[in-house]
Amino acid sequence: MQPKASISAKLGRLVLVCVGVALAIGSTASLVLEAERYGNEKRDRLVAVAEAFAAASAKGVAARDGAAIFEATRAIRAMGEVTSIVVQDAAGAVLEETGDGIRLDNVLELRPDHPVAVRDIVRARMVEVIVPVVESGAIVGRLTLVAHTGDLLPRLLQILATGLLLAAAVAALGLAVAHYLQRAITRPLLSLAATMDRVRAAHDYSEACAVESDDEVGRLATGFNAMMSEIRRRDARLAEHRERLESEVEDRTRDLAAAKRAAEAANAAKSDFLATMSHEIRTPMNGMMVMAELLAAGDLPERQRRYAEVIARSGQSLIAIIDDILDLAKVEAGKLELERIRVDAAEIVETVVTLFGERARAKGLDLAAIVEGTPPAFLGDPVRLTQVVSNLVNNALKFTERGHVLVRVAMQGDRLRIAVVDTGIGISPEKQAAIFSAFSQEDAATTRRFGGTGLGLSIAKRLVEAMEGTIGLASVPGEGTTFTVEVPLPLLERRPASPLLPPERAGERVHLAIAGAATRAALESGLREAGFAPVALSPEALAHARLDGHLVVEAEALGTTRPPGARRVLAIAPIGDAAGERALAQGLADALLRRPLPPSEWREALARLVDGAPFARASAGGEETGLASYAGARVLVADDSAVNREVACAALARFGILAQTVETGRAALEAVLAERFDLVLMDGSMPDMDGYEATRAIRDHEARRGGPRTTIVALTAHVVGPAAEAWRACGMDGSLTKPFTLPKLGEVLARVLGGRGIDAPAPAPGLAGEADAIPLLDEDTLAQIADMAALSGSGLLARIVGLFLRHAPDSLARIEAAIGEAEPEAIASAAHALKSMSLNIGAARLAASLARIEAAAREGGTVPDDTILRALDACLADTLTALRARFPDGEEAVAEAKAG
């Protein structure tokens, strides 16, 4: 694209502008000088004329002879520029006036020997000169001579015309000079510009510009040619580099592919190792934990039963430690799943402080928990919440050398708030931002001094965030740290208020001779809440104190006699401390509290202090476990471990079941083919034939013979990796993870032997009757939900039904969408979700239909046709209608719960 104005045109305009400016300046100066010269000449001429007329008329003025004056001044008519003469006497009277007598505005007076201003002479239309009339040396009058300035403008125009002619000549000369400059200067520049345009258009960097001179323009062309040469060399180097780069990329790609395969193999090996490690550790833990539970449930004195409970809880802690490693991998992979079951915050805190009690005692630290008010029960994940609190308490104990660790639980609006306060080393402000990062501690010296990997807080933060909660900290270096967790948990039930002292006993004193600020704070909080007045008393001052109320005292501080004045004495001692047992045996104390103080035990003691009831003493018998009885049920246990078989049999015996056992999968197959069992607990890893292969053989036999389906539950220690899901692929009905607990085993037995089935497995295709033969609603399931609702509040059953009414249609829509996309795996997953929901609400016919769809999609990759889909839609509609008729308040209860 050509420039809008060439250099030649610009030079021409520059010449014209210079000439114009010079003309303007010169013409202005000439006009000013000419006007000044005109004014001075006019003044001098008019003064001379006026003096001549004054001399000629002097005698007439002196004689006041008008005729003589007129005769002397009549020559005025011969002067064209003079318009009039006025002669006055000394008094100012006009003696004679000659001329036309016209006086215009802007008359300028010209005085002798006074310079004339250019501005004034240009603006004046007339000028006047006044001279005295002198006779015989005396002034006898004055003469005024008036003239016009009409001849000034022609003179100025003449000067201006001369300037224009001169300017035209100069402009012509300037244009000629510009033309010459164009040829000498602009032609090389235009040539350079044209060369640059060709390079830009064609990207041909071989172009060069001719160098015509050695001045600045020549150096510019030389520089351009040098730049083109450098670009050509650069392009050559780039082309050579590209050739080498292709080879390097191929080499690097091969290296990256090999590294990727190695990383994937290492990751797979890590997953296999974690799965194997978990299995190998969980297998012996199974025996320890179940036996501890059985021991705790046996006929033991209360104190020994508590010891057994601690063993069981310690085993659970060990499993939690193992799970920490797995949890980190799950969280990082985004595969962490949270449960939504009943959560008792006070029970969680009690478990944690009991679990870490011995560790706190070994370090000489005081560990206690305060449950403020009466926190209700929630829907949430108690295992993960326990893991969060455990990690925070573990971290606090690790970094606290003296003082205490205190756990506070309270409600903040609709959120559960848990704070862990310690008197440890604290965290510097610059380190607080990174404290929740994995493998992070305060500094390297801290790691060497206190140990640990720094995983605990990172896992806690990610678990809290998964619960949609927040975690934060406040710390002062050298004084301690407070970690605070706030989690929103849906309310499940409210607890009854704690017992309060009657008005006549309000303010009753309770003396606290307790060492440890945390335990003392927990005791004082409970006492004040119940209406007591706690009074602090050091254990050393107990012997000299005058008591006028109850007493809570360190067991080791009691002497040989009961403290005088104490109405009731509660001794507190660590588990296994002989001082506590001795105080009870000698009657020095009415009750024994363990340290760290469990909130439930302290609430029970407070209740007895309030109502005056006697404290429970250790008894020889244990408490009833409340486990259901399934006497007469036929259960087969298949496991190659003698310990596991004994554990399983002992656990089943608590439910009234006498189980049969086999050691291999082949023996399990032969036993099932030989006789009918209500339930088979099948270990997955066994010699000769493993449990999965045995299950497939059993399912093949059932399919050929058309016999009833045997319920088989995997008894496995695998929780991650492919083996954790192997039970589903081989046709088992569910899984029970080792180490299992009695309640978990009870849930399996309730589902199988209670008539509901493990997750309501579908009968084998072609062997079951039509879905219409199954009742629309399972009365047993509804009755069990009603029993649970009776304990949890009258609105629970209606809310459960309302949730099903709200979410079931959406689940069916997901099944239809998966069918539309013809994805068997998605169909099976969506059907399984709605099936589980239907089983929980007692929708038996709908669950059976969904089970068949799930089995067909998962095992055979079958996509249901329109007939099956219409039947499923009709079955859901019938189920919803029946539930709405039976529970008309269901949807309203859900809406009220959501609004509240």
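## Close-up views of a predicted model

**View 1. A cavity to which α6 gives the largest share of the lining, 3 residues: the second largest cavity of this predicted model.** This view takes us into one of the 2 cavities of 30 Å³ or more that the structure holds. About 30 Å³ of space lies inside the second largest cavity. Around this space sit Pro-188, Leu-192, Ala-210, Val-211, Glu-212, Ser-213, Val-217, Gly-218 and Ala-221. Two helices, α5 (152–202) and α6 (216–297), each bring at least two residues to the lining. Sorted by class, the lining of the second largest cavity has 6 nonpolar, 2 polar and 1 charged residues.

**View 2. Helices α25 and α26 pack with their axes 9 Å apart.** Here we look at α25, which covers residues 844–860, and α26, which covers residues 866–886. The angle between these helices is about 155°. Angles over 145 degrees count as roughly antiparallel, and α25 and α26 are therefore roughly antiparallel to each other. The crossing in which α25 passes α26 is left-handed. On the α25 side, the contact is made by Arg-845, Leu-846, Ser-849, Leu-850 and Ile-853. Their partners on α26 are Ile-868, Leu-872, Cys-875, Leu-876 and Thr-879. By class, the contact of α25 with α26 counts 7 nonpolar, 2 polar and 1 charged residues.

**View 3. Helices α14 and α16 cross with their axes 11 Å apart.** In this close-up, α14 spans residues 517–530 and α16 spans residues 599–611. How are these two helices, α14 and α16, oriented to each other? They pack at an angle of about 40°, and α14 and α16 are therefore oblique to each other. Their crossing is right-handed. From α14, the contact takes in Ala-522, Leu-523, Gly-526, Leu-527 and Ala-530, while α16 contributes Trp-602, Leu-606 and Val-610. The contact of α14 with α16 divides into 7 nonpolar residues, 1 polar residue and no charged ones.

**View 4. Helices α18 and α19 have axes that come within 9 Å of each other.** The pair shown here consists of α18, residues 665–674, and α19, residues 691–705. Their axes cross at roughly 25°. Angles under 35 degrees count as roughly parallel, and α18 and α19 are therefore roughly parallel to each other. As α18 passes α19, the crossing is right-handed. Which residues of the two helices, α18 and α19, meet? Gly-665, Leu-669, Val-672 and Leu-673 in α18 meet Ala-694, Ala-697, Ile-698 and His-701 in α19. In terms of class, the contact of α18 with α19 has 6 nonpolar, 2 polar and no charged residues.

**View 5. A cis peptide bond joins Arg-595 to Pro-596.** For readers who like to check backbone torsions, omega of this bond is near 5°.

**View 6. Glu-468 has a positive phi.** Our last stop is another backbone detail: phi of Glu-468 is about 65°, although Glu-468 is not a glycine. Glu-468 lies in the loop between helix α13 (455–466) and strand β11 (470–476).

Note on methods
Residues numbered from 1 in each chain as written. Predicted model: local features only at pLDDT ≥ 70, side-chain atom pairs only at ≥ 80, totals over all residues. Heavy atoms only, no water. Axes fitted to C-alpha atoms, helices over the stretch in contact; angles between N-to-C directions. Helix = DSSP H or I, 4+ residues; strand = E, 2+ residues; numbered from the N terminus. Parallel < 35°, antiparallel > 145°, perpendicular 65-115°, else oblique. Left-handed = near helix turned anticlockwise from the far one by under 90°. Contact = heavy atoms within 4.5 Å. Nonpolar A, V, L, I, M, F, W, Y, C, P; charged D, E, K, R; others polar. 1 Å grid on protein atoms, 1.4 Å probe; cavity = no way out; pocket = protein on both sides within 12 Å on 5 of 7 lines; lining within 4 Å. Points joined across faces, edges and corners; volume = space filled by probe spheres on them.
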